Amino acid sequence: MDDITRGLDNLQISVLVKAAAIGKNVTNVTIGPNSSSIKHNDSNIINDNNYAEKIKSFKGKNVYKFNIIEDNSVNSQSRSDECLVLDNSSRSKLKLISEMEEERKMTVRNTIKERMIKMEENSKRCWLELNRKHQFQHRQNLAKLIQEEEMILRQQREEEILASQRQQQYAQEHRQHAQNLQTRSRSIVRKYKRADYLGKNLYSEEQKQRMELTSTSRNLQLRGEVLTSNSLSKVGDVTNLDSQASALIIQQAEEIFKLIQGVCETFHGYSMKSVHAIIIVEIRKLPDETSSYTTKITEVVLSLRILVKLQDFVDKDSFHKYENLKQHLQTFESSCNMLMTDDKLKQFRFNCQKAVNIPLNAISPTSAAHLQDKLIKLSRLISGQPVEAGQTRISASSHPQGIAFCKNLMAKKFVLQGELTVSSKPEAAFAIAAVIEALWADFPDLGQLILAHFHRECPYLVPMFMPQVEGQSNEDYYKSLGYHYNENGEVEKQDKFLKRMSGIMRLYAAILITRPCKYQQNKTNPHGLSHAWHWLSCILNIDPRPDICATLIYDFLEVAGNSMYAHYGQQFQKLLHLICKEYFPKIEKVTSSVSGGPMIRLEAFLQKILKQGHIPPPIGVLPPNFW
């Protein structure tokens, strides 16, 4: 607005300056209806010499200063040129214009002020309206929230009432169930006390053992029911999980009773004393506490299921030997628990391991003296005599469990030699087998440990093909077949598995054909060719499995075939004929085209020995009287 008024002032000043310059020459009215038509000479005005100078002098002056300062030093002619006297008419015009401009400015200011007042009033009305709407919406939302909270509270109260009613109903049902279990338990106790009495006085020894198995299974069922009733009768709420656990215990106890009957039928005609021992070993795994009873009883159920199915997968005599060896190994391992867990004996365990590993890993057919040296060191160690272990001298007998620890460790390491060394270098099997046979002849319990570790790592040496039963995981099943799992829970590849099994079989077959050394001429091989014949005849009576059967039979015949051919002669030829005509076609049926390598090798070997009429000695076998 100031810029506009300033421009108007400049315009007014310019007009007034020009009017003053021509004021002398214009005496009549020149504009409007009263103007005269007298023509004047414009050129006179324009050509006036003082016109331009007057204009310039007016432009350089401040027209707002009307007081002329007199200067005595300036001559009168200069003052008349510089000072222009405005006539009365010009002053009136200026005053009128100034008043009109002030009035206009005032009008504009008033108009703007009124407009601002109206805008403020409108803004206030809008704010009040929005505030009213917001408060109304807030009241509606608050009322809705209160209504929802009241509805939720009503639902919670109703659910609490229903839950209380259900809990009371469940408690009543569980109390009734516990009473029924206690009544049933007392009845079972009376019944089987009577059965035990009759069994002790009226029946034969085998009948007593059968009745004891039945009584054991029934007592197991009773034991599960008693544990269940005790857990249900405890103070506190009884949940659905408690009810389900109790039902599972009773159900599995009843299944154990049926499985024990199935085991008895499976091994019908076999020594009931052995069957009884097998089952009792499994039953004793069960704890007395309810907390771990459910887990352990499941393991027992799986073990008994396997026993029931084993009639199609293992020879009964072989299975009996397998179970005896398994118990023997477990007894040895449990006898070393204190030595294995005591941190103070860590150095002693380390020295024992060195005393076993150093000579065992150095076994090779370098010379008879070399082999004799390793045999003497290992023999002295498990005899309790002092031996050198690196820079340390150690005696296993310095600890009560030291000899048992060294024997078990030695047996495990010998079998491991088959997995690691013989699987990569087959000819190394015969030197290791020679040391094993010599130690086995002097320490029969060590030989039993070695055989137990063979069966643990390779159950096909029993021979036994473990079946997969209901409730058994794939990992547990594959481990029972001898497969290894890595840290990521992945099962080992088939080619690696077959390579390990091949190494174990070659070492085992080398033991079967090993002859005693010179200083043991009065002794025989404690695990000789009779066991070789037993293994081969047993595996031929079991339906073959793909890959593994062809691999093991090929390795067995290549290592032990020459000795068996020489020892059994025509009978062994009949066995080879049976393999070619009857067993090998079964292998072909179960072997896929993708994994036919082991079957092809076995077929080529059988054709070769049938064509040549004999089996050549294995590569790397020790010559007679080597040591």
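Two residues are in contact when heavy atoms of the one lie within 4.5 Å of heavy atoms of the other. This idea guides the following account of the structure, which is a predicted model.

Leaving out residues up to four places away in sequence, leucine 451 touches Leu325, Trp440, Tyr508 and His527. Its relative accessible area is 9%, and because buried means under 20%, leucine 451 is classed as buried. A further pair shows how sequence and space can be set side by side: leucine 451 and lysine 326 are separated by 125 residues in sequence, while their C-alpha atoms are 9.5 Å apart in space.

Histidine 453 belongs to helix H16 as well, a helix that covers residues 444-457. With a relative accessibility of 3%, histidine 453 is also counted as buried. Once its neighbours within four places in sequence are set aside, the contacts of histidine 453 are Leu329, Glu333, Asn408, Ala411, Lys412 and Val415.

The crossing of H10 past H14 is left-handed. On the H10 side, the residues that meet H14 are Leu329, Phe332, Glu333 and Ser335, and their partners in H14 are Ala404, Lys407 and Asn408. Sorted by class, this contact contains three nonpolar, two polar and two charged residues.

How many disulfides does a search of the whole structure find? The search finds zero. Cysteine 406 illustrates the result: the nearest cysteine sulfur, which belongs to cysteine 352, is 3.8 Å away. Cysteine 406 has a relative accessible area of 0% and is buried. Cysteine 549 is likewise counted as buried, at 0% relative accessibility.

Finally, the chain may be viewed as a whole. The chain contains 22 helices and two strands. Of its 627 residues, 38% are buried. Among the contacts in the chain with a separation of 6 or more, 74% are between residues 24 or more positions apart.

Technical notes. Residues numbered from 1 in each chain as written. Predicted model: local features only at pLDDT ≥ 70, side-chain atom pairs only at ≥ 80, totals over all residues. Heavy atoms only, no water. Left-handed = near helix turned anticlockwise from the far one by under 90°. Helix = DSSP H or I, 4+ residues; strand = E, 2+ residues; numbered from the N terminus. Nonpolar A, V, L, I, M, F, W, Y, C, P; charged D, E, K, R; others polar. Disulfide = S-S within 2.5 Å. Buried < 20%, exposed > 50% of the residue type's maximum accessible area, 1.4 Å probe, protein only.
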